[in-house]
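Morning, everyone. Please have a look at it before I start.

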Amino acid sequence: MPLQISSLEEYQSVYQQSIREPEAFWAAQAETFYWQKKWDKVLEWDFKKPDVKWFSGGKLNITENCLDRHLESKGDQTAIIWEPNDPNETVKKYTFRELHAAVCKAANALKVLGIEKGDRVCFYMPMVPELAIGVLACARIGAVHSVVFAGFSANALADRIKDATCKMVICSDFNKRGQKVIPVKSVVDEAIALGCSSVETVLVHKNTGGDIVWDEKIDQWWHNIVDIQTPQCPAEPMDAEDMLFILYTSGSTGKPKGVVHTCGGYMVYTTFSFKNVFQYKEGDVYWCTADIGWITGHSYIVYGPLSAGATTIMFEGVPTFPDAGRFWQICDKHKVNQFYTAPTAIRALMAKGDEFVDAYDLSSLKVIGSVGEPINEEAWHWYNEKVGKKRCPIVDTWWQTETGGIMITPLPNITDTKPCYAAYPMPGIQPVLLDSDGNEITENEAEGLLCVRFPWPSMLRTTYGDHERCKNTYFAAFENHYFTGDGARRDADGRYRIIGRVDDVINVSGHRMGTAEVENAINEHSNVVESAVVGYPHAIKGQGIYAYVIVNETVSDETVFRTEVCEVVRREIGAIAKPDKIQLVSGLPKTRSGKIMRRILRKIAANDTENLGDVSTLLNPDIVESVIEGRLKE
C-alpha cells in the first residue's frame, strides 16, 4: 500500500521530498501496487501540447489492484455495503471474493455481447451495486466506461453517447429516489431515438420491475446474460496510459467536455489520496454519499477505497427520505468511521433542525469531509459541532473532475483546519497563484488565479476526441501551468481558500453547470429571443441559477412562462439545471463588440449594485438601470 502519513513533521518532510524529487516519490508509491510489467519511465511531460505520461510502458489492470490482490488476505472482508433507498428494504453486502466473482461474470457477459478493449460503454443507472460491478467489469476487459448521472435528460445523455460513440448503454428499468420512481429505461430509449447510431446493445438491470418498452433488436436483460457466466475472467493487460474512463463535465461553452483519465497514474493517486485524506485504518467503514455519476463517486466510492482494501458504502437514496435523519441513521447503523458529503446536503440538513442528528449515535465517526464546493462558515461550524461533536477533523477538500483526485485538503489529526479553507496541498501537488498576466504571486495574504505548475499522476490527459479543446481550456492561459478556472486566496500560513470560478461556470450543489449550456436550453423555448445566465448566492445550493430572458412576444402569465422555460431546461439538460429565478428583461448589458457583461448581471443578481463600475462604455448603458429595477427578490 502507498505511504500513509501520520504526523505533521512527516507531512512536511514528505511534501518537500515530493516536490524536490517527484519522480522518485511517485515511483515509490507506484511500486506498492501489483503491475503485470514494470514501467519504462516514471514521467514524461510537456504542458504546451499538452502531453503527460506517467509510468509509461507499465502494464497493469486496475481491477487486479481493487480485487484480486485482496483475495488472499481480505477475501471474506466486506468490500461494498449497499444501503437501499428505503430503510425497510434489505441491505446487500459483497465481500471482496463475492465482488470479484460478480465483476468477472459481468466482464464475461460484456465480452459475449461483443464489447472489446477500447470500446466505450455508457452507464445511466441509479446507485445500485450493479453500477459499481459494471464499471469494474469494463475496466477488467479494457473497455472504457462513461458514466452519466441518471438525472440528466435524454438530450444530454444522447450528446454524451454520441460524443464517445458508445457501443453499449447499461441502465436500469427504473430508479427509486425518495418517494419517487423514476423511469430510467424510457430516457435511454428517447436518447437512442435521437440518433445514437453507435449503440448496438442496451443492457437493462431489473431494479424495480414494471412495464417498459422492449426492443428485441438491441435490448438485453442483465440477469439473463450476466448470471449465467463463469466467475473467472482474466484481467486484460493495460498500458498505464490506456484510457480507463471518460467523464463529462460542463464547460463555459455549450458542449460538455469528455475528460479522459488513464489507468496507472489515476490508480496510484486515488489510492494514495484516499488513504491519507481519510486516514483509513484496517477494519474501518467508509462512506462517501456522492453518486458514481460524478468524479467523487469514481475516485472515492469505487477505485480509491477498493484499491486500498477498504469497506465502502453505496447509498441509493436521498438525505431527507424518509426523514432528515437518514444520513445519521446510516452512520449509526453501520458504525461509519469516515463520512464524506457535500456542503449542499449539510446546509439542507442543518435547516431541518438538530433533532434529526441528535437522535443517533455518531460516536463511531473519526473523520468528516466536504466536497464539491467551498463550505461556508456557518455550515462548517454546525457540521463540526453537531455531526463531528468537535472531535472529528473536517477535511474540506478541493479538487475537480479534471484532477482525478483530491488536491488541497487538511489531513485529519495531522494538519490544522480553518473554516472555509481547503488548507494545504497534498504531497506531489504544486499549486501557485498567478495574476492575470501570468506572474506568480509569491507572498501570502494574497489572491490570484489558482494554477498547478507540475503534473500529478491522476490529472486529465485530454478531452475525448478534441485535444485542442483540452489545450485551450486548461493549458493555454498560462505557459507551463494547468489553469483550474478557480480564483483562490492564500493566508499568512499558506492555507488556500477557493473563492470560486472565474469563467462562465456555475457551481450548483457542487455540480458544475456551464452558463452557455443552460442558455442554449432556455433559448429553445419558442418565445425566447436571447438569455443570459449567471450564478447568485443561494442559501442551500451555494449558487443558484439566475436567468435574464428577452422574449419575442409579451408574456401574459409570467408564472406559466417560467414553468415552461424550466420544463425546456429539464428536457434539454435535466432538473439539476433548472433556473431558480427567471427575470424578463427588455435587453442585456453588452459591450460594443456584442459580448454580454455577465459581471454586471452577477452583481445585480446578488443585489450588489453599489459598485458596478463604469457602465458608460457599454453599447446600451441605460439597460442596466432597467435590469436593476426588475431584479427578482427572494
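In what order do the 7 strands of the open sheet with mixed pairing come? The order is β5-β4-β17-β16-β18-β19-β20. Before I go further, note that this is a predicted model. At the edges of that sheet are β5, residues 92-95, and β20, residues 394-396, and each of them pairs on one side only. On average, neighbouring strands here are turned by 20° against each other, with direction ignored.

Let me stay with β18, which is residues 338-341. Strand β16, residues 285-288, is joined to β18 by 3 bridges, and the two run parallel. Within that pair, Cys288 has Tyr340 of β18 as its bridge partner. β18 also pairs with β19, residues 367-370, again in the parallel sense, over 4 bridges.

Are the side chains of β18 buried or exposed? Gln338 and Tyr340 lie on one side, Phe339 and Thr341 on the other, and all four are buried. Both faces of this strand are therefore covered, where buried means under 20% relative accessible area. So Tyr340 is both the bridge partner of Cys288 and a buried residue by that cut-off.

Next, what lies across this sheet? Helix α12, residues 326-334, lies across β4, β16, β17 and β18. Its direction is at about 145° to β4. Helix α5, residues 96-112, lies across β4 and β5. α5 runs at about 90° to β5.

There is another sheet to mention. An open sheet of 4 strands has antiparallel pairing, and its order is β21-β22-β24-β25. The edge strands are β21, at 431-434, and β25, at 496-501, each with pairing on one side only. As a reminder, strands of a sheet pair through backbone hydrogen bonds, either parallel or antiparallel. β21 and β22, the latter being residues 446-452, run antiparallel and are joined by 4 bridges. For a pair to look up on the screen, take Leu433, whose bridge partner in β22 is Leu450.

Which residues make the contact between α2 and α10? First the geometry: the axes of α2, residues 22-30, and α10, residues 263-277, come within 10 Å and cross at roughly 85°. α2 and α10 are therefore roughly perpendicular to each other. From α2 the contact uses Phe25, Trp26, Gln29 and Ala30, and from α10 it uses Val268, Tyr269 and Phe272.

Last, the chain as a whole. The protein chain has 20 helices and 30 strands. Its radius of gyration is 24 Å, close to the 26 Å that the globule rule gives for 634 residues, so the chain is as compact as a globular protein of that length. The C-alpha trace spans about 75 × 60 × 55 Å along its principal axes. Of the 634 residues, 62% count as buried. Taking contacts between residues at least 6 apart in sequence, 71% join residues at least 24 apart. The accessible surface comes to about 23,400 Å², and 47% of that belongs to carbon and sulfur atoms.

Note on methods: Residues numbered from 1 in each chain as written. Predicted model: local features only at pLDDT ≥ 70, side-chain atom pairs only at ≥ 80, totals over all residues. Heavy atoms only, no water. Pairing = 2+ DSSP bridges. Buried < 20%, exposed > 50% of the residue type's maximum accessible area, 1.4 Å probe, protein only. Axes fitted to C-alpha atoms, helices over the stretch in contact; angles between N-to-C directions. Contact = heavy atoms within 4.5 Å. Rg over C-alpha atoms; globule rule 2.2 N^0.38 Å. Areas by Shrake-Rupley, 256 points an atom, 1.4 Å probe, with all protein chains shown as cover. Parallel < 35°, antiparallel > 145°, perpendicular 65-115°, else oblique.
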